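Open your viewer, switch to a cartoon view and keep the selection panel at hand. We will go stop by stop, with something to select at each one.

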Amino acid sequence: MPSRRSVAAALGLGLAASALTFTPAVAAATIDQTIAEIQGTGAASSVAGSTDLYRTRGVVTAAYPTGGFDGFYMQTEGTGLGADETPGASDGIFVWHGSGGSFTYPEVGDFVEVVGSVTEGGGPALNLTQLVPGADGSVTTVTEAHDPVTELQTNFPTSTDEREAHEGELLDVGAQRFTVTNTFPTNRFAEIGLATGNSPLIQPTEVARPGTPAAAAVEADNGRRAVTLDDGASVDYTGAAKNEPLPWLSKMNPIRVGAAADVRRPLILDYRNGTWKLQVRDAATADVGTIDTWSLTL
Ligand SMILES: [Ca+2]
Ligand SMILES: [Ca+2]
Ligand SMILES: [Ca+2]
């Protein structure tokens with residue numbers, strides 16, 4: 001490494017050596033890890049916020065080139081079927097192109113390699129673990145043979161820990177019965193509040209005095225059973241997207257609280273807006289035209 005004096009001389013600066021301070025940029029390392037290693041077994045990735053870049057591979061399970069999510073989900077090849085070789089650690093992750101960024105979207109089913117920073121999302125995706133290619137990283141399609149991702153057949157996980165263990169994975173919860181419990185956000189964000197089981201959720205104070213163990217028990221039960229079905233988009237159908245048809249709903253498909261719901265397609269276990277959600281794999285799969293073939297039996 002040249003001395004500060006020789007560098008100053010080479011630059012023709014004629015400055016006293018003490019006037020120059022070099023802080024050589026330390027190149028970020030690129031570290032190969034599996035998605036489960038990046039996710040880890042806690043609520044947040046232990047490498048989130050690192051200046052290093054992480055390189056990992058996965059099969060694209062959902063892609064959202066429009067609608068505001070600005071990213072896609074991918075999952076480690078061969079996972080979802082058989083024993084979970086990484087218990088407690090999710091094998092899926094959201095790839096976000098970053099604020100103002102972009103990348104060429106892969107197709108669902110593509111095998112891709114992503115190099116990016118690991119973050120715990122902010123804003124609506126607060127605490128969703130993300131891989132962010134940004135300007136320094138990349139998303140490339142891998143042509144090597146790979147095993148497919150299979151949807152994990154499961155009941156909807158009841159605890160936060162169990163949900164974290166499968167954050168971003170492709171789930172098939174079709175064997176389970178759901179009940180529509182909340183249509184308040186349906187008209188605006190195309191979200192449908194569901195509850196596992198045969199009845200909607202209830203307000204704790206409908207059946208117990210506030211602050212009592214009985215009220216706390218209802219609240220805990222609600223936490224175990226609630227999940228939001230979402231359309232793979234964050235657009236506001238009463239605002240900027242008011243001229244777009246609202247998914248799920250048509251005159252032939254009213255959605256009422258208390259109605260039974262069958263979820264017939266694999267969906268992504270997603271976390272954003274402080275809520276665990278089941279996301280369709282692309283916005284088009286929430287179209288009104290496909291509702292009676294897959295989503296809800298009302
Ligand atoms: Ca998480
Ligand atoms: Ca796992
Ligand atoms: Ca939505």
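How many of the residues of β2 are buried? Select β2 (53-64) and you will find that the strand is mostly covered, with 10 of its 12 residues buried. Buried here means that 20 or more other C-beta atoms lie within 10 Å of the residue's own; 12 or fewer makes a residue exposed, anything in between partly exposed, and the C-beta atoms are placed from the backbone. Strands are DSSP runs of E with at least two residues, helices are runs of H or I with at least four, and both are numbered from the N terminus.

A word on what you are looking at: this is a predicted model, in which local features need pLDDT of at least 70 and side-chain atom pairs count only at pLDDT 80 or more, while totals for chains, interfaces and linings use all residues. Residues are numbered from 1 along each chain as its sequence is written, and chains are lettered from A and ligands numbered from 1 in the order in which they are written.

**The whole chain**

Zoom out for a moment. The chain holds 7 helices and 15 strands, and 36% of its 298 residues count as buried.

**Around β2**

Two strands count as paired if DSSP finds at least two bridges between them. Select β1 (residues 30-32), which pairs with β2 in the parallel sense over 3 bridges; Thr30 has Leu53 as its bridge partner there. Look for Tyr64 opposite Gly71. Between β2 and β3, the hairpin has 6 residues, and Gly67 takes a positive phi near 100°.

**The nonpolar core**

Select Phe72, Met74, Ile93, Val95, Leu131 and Leu194: of the 58 residues in the largest nonpolar core, these touch the most other members. Such a core is a set of buried Ala, Val, Leu, Ile, Met, Phe, Trp, Tyr and Cys residues joined through C-beta atoms within 7 Å. Its largest share, 7 residues, comes from β2. Why does this core lie between domain 1 (30-141) and domain 2 (173-294)? It does so because both domains give residues to it; the domain bounds come from an automatic or database domain assignment.

Stay on Ile93 and show its contacts. Leaving out residues up to four places away in sequence, Ile93 touches Ile35, Ile38, Gln39, Met74, Thr129, Leu131 and Gly168.

**Two loop stops**

From Ile93, go to Glu167: their C-alpha atoms are separated by 7.3 Å, although the two are 74 residues apart along the chain. Glu167 sits in the loop between α3 (160-164) and β9 (170-172). Is Glu167 buried or exposed? Glu167 is buried, because 23 other C-beta atoms lie within 10 Å. Beyond its neighbours within four places in sequence, Glu167 contacts Ser90, Gly92, Thr129, Leu269 and Tyr271.

Now select Ala48, in the loop between α2 (35-39) and β2. With 16 other C-beta atoms within 10 Å, Ala48 is partly exposed. Residues up to four places away aside, Ala48 touches Val118, Thr119, Glu120 and Thr129. Its C-alpha atom is 8.5 Å from that of Gln130, 82 residues apart along the chain.

**The open sheet**

For the last stop, select the open sheet of 8 strands, ordered β8-β9-β14-β15-β12-β11-β10-β13 with mixed pairing. Its edge strands, β8 (152-153) and β13 (260-261), each pair on one side only. Further in, β14 (residues 267-272) and β15 (residues 275-279) run antiparallel over 5 bridges, and Tyr271 is bridged to Trp276.

Then pick β12 (residues 226-230), where 4 of 5 residues are buried. β12 runs parallel to β15, with 3 bridges between them, including Asp230 with Gln279. With β11 (residues 192-196), β12 pairs in the antiparallel sense over 4 bridges. The bridge partner of Leu194 is Val227, and Leu194 brings you back to the largest nonpolar core.

Definitions and conventions. Contact = placed C-beta atoms within 7 Å.
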